Amino acid sequence: MPFTRSRELALRIDRIACEGHGACAELLPELLSLDEWGFPIVHRAAVPPELAAHARRAVAACPVLALRLERGRS
């Protein structure tokens, strides 16, 4: 069987690095919301293809680089 790499993207949050700025949830409310302290909650880690550009924008907007996109493991 040939090696194939999954194309699915997944959101990951570094909870230690996150300072609760909330930009990610503002830019990607379809997948993220904020808890009562302002820290993000991922409602769905898998990023649908139609939201990939928005997810990249949210990752780029994180001032402490706590949000990242990873390729899913196949």
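Author: Contact here means heavy atoms within 4.5 Å. The model is predicted. In the protein chain, taking contacts between residues at least 6 apart in sequence, 58% join residues at least 24 apart.

Reader: In what order do helices and strands follow along the sequence?

Author: The protein chain has two helices and five strands. Read along the sequence, their pattern is β-α-β-β-β-α-β.

Reader: What share of the residues is buried?

Author: Of the 74 residues in the protein chain, 34% are buried. The accessible surface of the chain is about 5,200 Å², and carbon and sulfur atoms account for 54% of that surface.

Reader: How should I read the nonpolar core, and which residues touch the most other members?

Author: In soluble globular proteins, nonpolar side chains tend to be buried together. Here the largest nonpolar core has 18 residues, and those touching the most other members are Leu-11, Leu-28, Leu-31, Leu-32, Val-47 and Leu-67. At least two core residues come from each of strand 1 (9-13), helix 1 (23-27) and helix 2 (52-61). Helix 2 gives the most, with four residues.

Reader: Which residues does Leu-28 touch, leaving out those up to four places away in sequence?

Author: Leu-28 touches Leu-11, Leu-51, His-54, Ala-55 and Ala-58.

Reader: How many cavities of 30 Å³ or more are there?

Author: The count is one. The largest cavity holds about 100 Å³ of space. It is lined by 14 residues, of which Cys-18, His-21, Gly-22, Cys-24 and Cys-62 are the closest to its centre.

Reader: What classes of residue make up the lining of the largest cavity?

Author: The lining has ten nonpolar, three polar and one charged residues.

How values were computed:
Residues are numbered from 1 along each chain as its sequence is written. This is a predicted model: local features need pLDDT of at least 70, side-chain atom pairs count only at pLDDT 80 or more; totals for chains, interfaces and linings use all residues. Side-chain values use heavy atoms; hydrogens and water are left out. On a 1 Å grid over the protein atoms alone, a cavity is a set of points where a 1.4 Å probe fits but cannot get out, and a pocket is an open set with protein on both sides within 12 Å along at least five of seven lines; lining residues have an atom within 4 Å of a point. Grid points are joined across faces, edges and corners, and a volume is the space filled by probe spheres set on the points. Ala, Val, Leu, Ile, Met, Phe, Trp, Tyr, Cys and Pro count as nonpolar, Asp, Glu, Lys and Arg as charged, and the others, Gly among them, as polar. Buried means under 20% relative accessible area, exposed over 50%, partly exposed in between (1.4 Å probe, protein chains only). Accessible areas come from the Shrake-Rupley method with a 1.4 Å probe; for residues, only the protein chains shown count as cover. A nonpolar core is a set of buried Ala, Val, Leu, Ile, Met, Phe, Trp, Tyr and Cys residues joined through side-chain atoms within 4.5 Å.
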